[in-house]
Amino acid sequence: MADQAGSSSSHLEIHLEQEDDFDLIYGADSGWVEARTHCDHLASLSSDLAHIPTPNSSCNRCQHPSENWLCLCCKDVLCSRFVNKHMLEHYKQTTHSIALSYSDLSVWCFACDSYLDAQVIQQLRPAHETAYILKFGEAPPFRTSESSQMEDKDVKDTPTGS
Ligand SMILES: [Zn+2]
Ligand SMILES: [Zn+2]
Ligand SMILES: [Zn+2]
């Protein structure tokens, strides 16, 4: 039963620097991925995101067949950084920074280096909804709860300083 002896010490030392802990919780290190509800690069979005290529489109460069990204600025379909990095290359060449993943329909901004919340950011919703419908054959579930979620989130996420 020697194994049991250590169990009372499982509450590790308590860190005194509470503010640092707070940063860690919401930072990238914890594995907690928080999608941004604001992005400064939305101006470059395509004006017609209700018409997009189907989710099973292959990469325009290397023809990789699935799980590609859709550039939401020019609607190019390009493969991920885990394949041939064509979406990343596209961003570097064009500064088109916002892309939608056809594998899980998340939206990523390369310039913010962060996911974007397509349910909260109005400009992203048409693309997200259209992609969802193309992929699953039905409208996404959040469509029905459109009411009053936006005000709170905007305030919460307002970056301060720097
Ligand atoms: Zn951005
Ligand atoms: Zn490719
Ligand atoms: Zn593009």
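**Close-up 1. Asp-113 is an exposed residue, with 10 other C-beta atoms within 10 Å.** Asp-113 sits in the loop between β4 and β5 (114-116). Its phi is positive, about 55°, although Asp-113 is not a glycine. Before you look further, please note that this is a predicted model, in which local features need pLDDT of at least 70 and side-chain atom pairs count only at pLDDT 80 or more, while totals for chains, interfaces and linings use all residues. Residues are numbered from 1 along each chain as its sequence is written, and chains are lettered from A and ligands numbered from 1 in the order in which they are written.

**Close-up 2. Five strands form an open sheet in the order β2-β1-β3-β4-β5.** Strands (E, at least two residues) and helices (H or I, at least four residues) are DSSP runs, numbered from the N terminus. The pairing in this sheet is antiparallel; two strands pair if DSSP finds at least two bridges between them. At the edges you will find β2 (77-78) and β5, each of which pairs on one side only. Now follow β3 and β4: three bridges join these antiparallel strands, and Leu-100 stands opposite Val-107 in β4.

**Close-up 3. Leu-105 lies in the loop between β3 and β4.** Leu-105 has a positive phi of about 65°, although it is not a glycine. With 19 other C-beta atoms within 10 Å, Leu-105 is partly exposed.

**Close-up 4. Helix α3 (residues 125-136) has twelve residues.** From its first C-alpha to its last, α3 reaches 16 Å, close to the 16 Å expected at 1.5 Å a residue; the expected span is 1.5 Å times one less than the number of residues. Which residues of α3 are buried? They are Ala-127, His-128 and Ala-131. These residues are on the same side of α3 because they cover an arc of only 95° around the axis, taken from the directions from the helix axis to the C-beta atoms. They pack against β3 (98-101) and β4 (107-109). Just after α3, Gly-137 takes a positive phi of about 75°.

**Close-up 5. Lys-135 is found in helix α3.** Lys-135 counts as partly exposed, with 16 C-beta neighbours inside 10 Å. Leaving aside neighbours within four places in sequence, Lys-135 is in contact with Pro-55 and Leu-105; contact means that the C-beta atoms, placed from the backbone, lie within 7 Å. Lys-135 and Pro-55 are 80 residues apart in sequence, and 6.0 Å apart in space, C-alpha to C-alpha.

Note on methods
Buried ≥ 20, exposed ≤ 12 C-beta atoms within 10 Å, placed from the backbone. Contact = placed C-beta atoms within 7 Å.
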